[in-house]
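Visitor: I should like to understand the reasoning behind the terms used for this structure. Could you take me through them, setting each value against its criterion?

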Amino acid sequence: MPIVSIEEAGLDAFLLRHRARYRGYAVARLGRTSAAAEAVEQALESLATYWPRLVRGHNLSAGAWALVREAVSVRCRGPYGSEEADILHDCLPTATADAAVLHYRLGMRLTETAELMGIEPAAAAGLVLAAERQLPQSIARELGFGPVGA
């Protein structure tokens, strides 16, 4: 049986907890494409590289989220992007759009959204409220914005 370091075990546990939600986010922005899977895998490879530094930092989840968001965003700007899939990021500031995707499109509670993004629950609630206020009514209705649960 191979010996696993504490850092490797921590990374494995972190990925077990978050990988599916990262994939959901990528699919919400890119559609069910190979680009979504590629973006998440690239982000997770980067996460493994930066893991020791992130663990020593003050906010592991925020650091990991930044890697995932960037990997997905790069593909959204390329030929993989779907205007329909990523309309929120076209209309809103990045963090606001991210919170709206996680909360409304993926059905995460505000506490789950906050945990994944590495922010406080009150900040997640503020971002979701900002999304509700900033989106044109027609888009908000079409996207099914409404209370999902806190």
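Visitor: Which residues of helix 6 and helix 7 meet?

Guide: In this predicted model, Leu-110, Thr-111, Thr-113, Ala-114 and Met-117 of helix 6 meet Pro-121, Ala-124, Ala-125, Leu-127 and Val-128 of helix 7.

Visitor: Why are helix 6 and helix 7 called roughly perpendicular?

Guide: The two helices pack at an angle of about 105°, and their axes are 8 Å apart. Angles of 65 to 115 degrees count as roughly perpendicular. Helix 6 and helix 7 are therefore described in that way.

Visitor: What makes helix 3 and helix 6 roughly perpendicular to each other?

Guide: Their packing angle is about 85°, with the axes 6 Å apart. The range for the term is 65 to 115 degrees, so helix 3 and helix 6 are roughly perpendicular. Their contact is made by Ser-61, Ala-62, Trp-65 and Arg-69 on the helix 3 side, and by Glu-115, Leu-116 and Met-117 on the helix 6 side.

Visitor: Why is Ser-73 called buried?

Guide: Ser-73 lies in helix 3, residues 60–77. A residue is buried under 20% relative accessible area; Ser-73 has 10%, and is therefore buried.

Visitor: What makes the link between the side chains of Ser-73 and Arg-29 a polar contact?

Guide: The two side chains are joined at 3.0 Å. The cut-off for such a pair of N or O atoms is within 3.5 Å, and the contact between Ser-73 and Arg-29 is counted as polar.

Visitor: How do you know that the span of helix 5 agrees with its number of residues?

Guide: Helix 5 comprises the 12 residues 94–105, which at 1.5 Å a residue should span 16 Å. The C-alpha atoms at its ends are 15 Å apart, so the two values agree.

Visitor: Why is helix 5 described as mostly covered?

Guide: The cut-off for a buried residue is under 20% relative accessible area, and 9 of the 12 residues in helix 5 are buried. Among them are Asp-98, Val-101, Leu-102, His-103 and Tyr-104. After helix 5 comes Gly-107, with a positive phi near 70°.

Visitor: Which residues touch the most other members of the largest nonpolar core?

Guide: They are Tyr-22, Leu-47 and Val-72, in a core of 41 residues. Several helices supply at least two residues each, including helix 1, helix 3 and helix 8, while helix 2 gives the largest share, 9 residues.

Visitor: What does Tyr-22 touch, leaving aside residues up to four places away in sequence?

Guide: Tyr-22 touches Phe-14, Val-40, Leu-44, Ala-64, Trp-65, Val-68 and Leu-116.

Methods. Residues numbered from 1 in each chain as written. Predicted model: local features only at pLDDT ≥ 70, side-chain atom pairs only at ≥ 80, totals over all residues. Heavy atoms only, no water. Helix = DSSP H or I, 4+ residues; strand = E, 2+ residues; numbered from the N terminus. Expected span 1.5 Å × (residues − 1). Buried < 20%, exposed > 50% of the residue type's maximum accessible area, 1.4 Å probe, protein only. Polar contact = N/O pair within 3.5 Å; in protein donor to acceptor, adjacent residues only side chain to side chain. Core = buried A, V, L, I, M, F, W, Y, C linked by side-chain atoms within 4.5 Å. Contact = heavy atoms within 4.5 Å. Axes fitted to C-alpha atoms, helices over the stretch in contact; angles between N-to-C directions. Parallel < 35°, antiparallel > 145°, perpendicular 65-115°, else oblique.
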